[in-house]
Amino acid sequence: MQTLVVVKHSKLEWDCKNSGAPRHEMVAHYRKAGANVDTILASHDYQLRVRDQVYSQISQQLMFLDEYERLCKSGLTPKTDLVISVGGDNSFTRVSHFLDDTPILGVCSDPLRSVGHLCTWKAGHEKSIGELQQRLGTKNFEVEDWTRIGVVLDGKSLGEWGINEVFLGEKERTSMSRYLLDDVEVKSSGLVVYTGAGSTGWACSAGAQPFDRKEATLGFIHTEAYTDGMEWTKEAWHTIDSSENLVVKSLNDNGILSFDGWGRDTEYKFQRGSVAELRTGLPLKVLVFPEGK
């Protein structure tokens, strides 16, 4: 099985790369800014050890996330049987945006400091990369279809799918978001449309109930909704199935539609008059390892 490994930069690597500063200057900057230098350095060292183990034991076809993203955006998506995302949930969601039928495996490269909720494998003493290599070699895994969100904006498919959630509302969360659902105006801090994978994150924090990642269902919730005179918005969250779609018309002055919390990289204008149609999209194929096998 041909495997491509996509890894994230550690915070230290990324800051050094973007600033052009050497390691010792960046560390000095952290100390001056009052950052937790010991945590940053410990995380950096741990991620590099995991990266080296993946490279030596699983696949030497390895690239950084930003390099992978540039290739995919230029139409040169690498051909492979499996993509392993090494990092955390943010890395996993970003890589997933460039995948159609190619399966993905998430490896959390620093489980002591990162939840890695979407990552199947937590790289640590109890979950060694050697054991992961063995399971991949013997095909001791299953492939699940996780529901994603597809969006048509002003009649045009956006051509990417959200694995966690799509946010619709004013770009600045301090501004009131306004939009129409079924010709009823809603005022809130923004609308969050989410999948089963995303139901345990932002949506859950806003009051939604989690559901299975494989369920062909989307939920939506009005965050901090203004409910006076709008009884139906008092129900915190709602769901639609794969036969339905959610049509949202923007009444925002500086509105956006954003996938998976990735900001500018997955952000589209959603200003007054724009119409978004959201429905279950192309599922993401995810490698999982059944317990006890």
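Me: What makes the largest pocket a pocket, and what is its volume?

Reply: The largest pocket has a volume of about 470 Å³, a volume being the space filled by probe spheres set on grid points that are joined across faces, edges and corners. On a 1 Å grid over the protein atoms alone, a pocket is an open set of points with protein on both sides within 12 Å along at least five of seven lines, whereas in a cavity a 1.4 Å probe fits but cannot get out; lining residues have an atom within 4 Å of a point. By that rule 21 residues line the largest pocket, and Lys8, His9, Leu65, Asn90 and Ser91 lie nearest its centre. This is a predicted model, in which local features need pLDDT of at least 70 and side-chain atom pairs count only at pLDDT 80 or more, while totals for chains, interfaces and linings use all residues. Residues are numbered from 1 along each chain as its sequence is written, and side-chain values use heavy atoms, with hydrogens and water left out.

Me: Why are Met26, Val27 and Tyr30 of helix 2 called buried?

Reply: Buried means under 20% relative accessible area and exposed over 50%, with partly exposed in between (1.4 Å probe, protein chains only). Met26, Val27 and Tyr30 in helix 2 (residues 23-33) are buried, and seen down the helix axis the buried residues fall within an arc of 100°, so they line one face of helix 2. The arc is that of the directions from the helix axis to the C-beta atoms. The face turned away from the buried side carries the exposed residues His24, Arg31 and Lys32. Helices (H or I, at least four residues) and strands (E, at least two) are DSSP runs, numbered from the N terminus.
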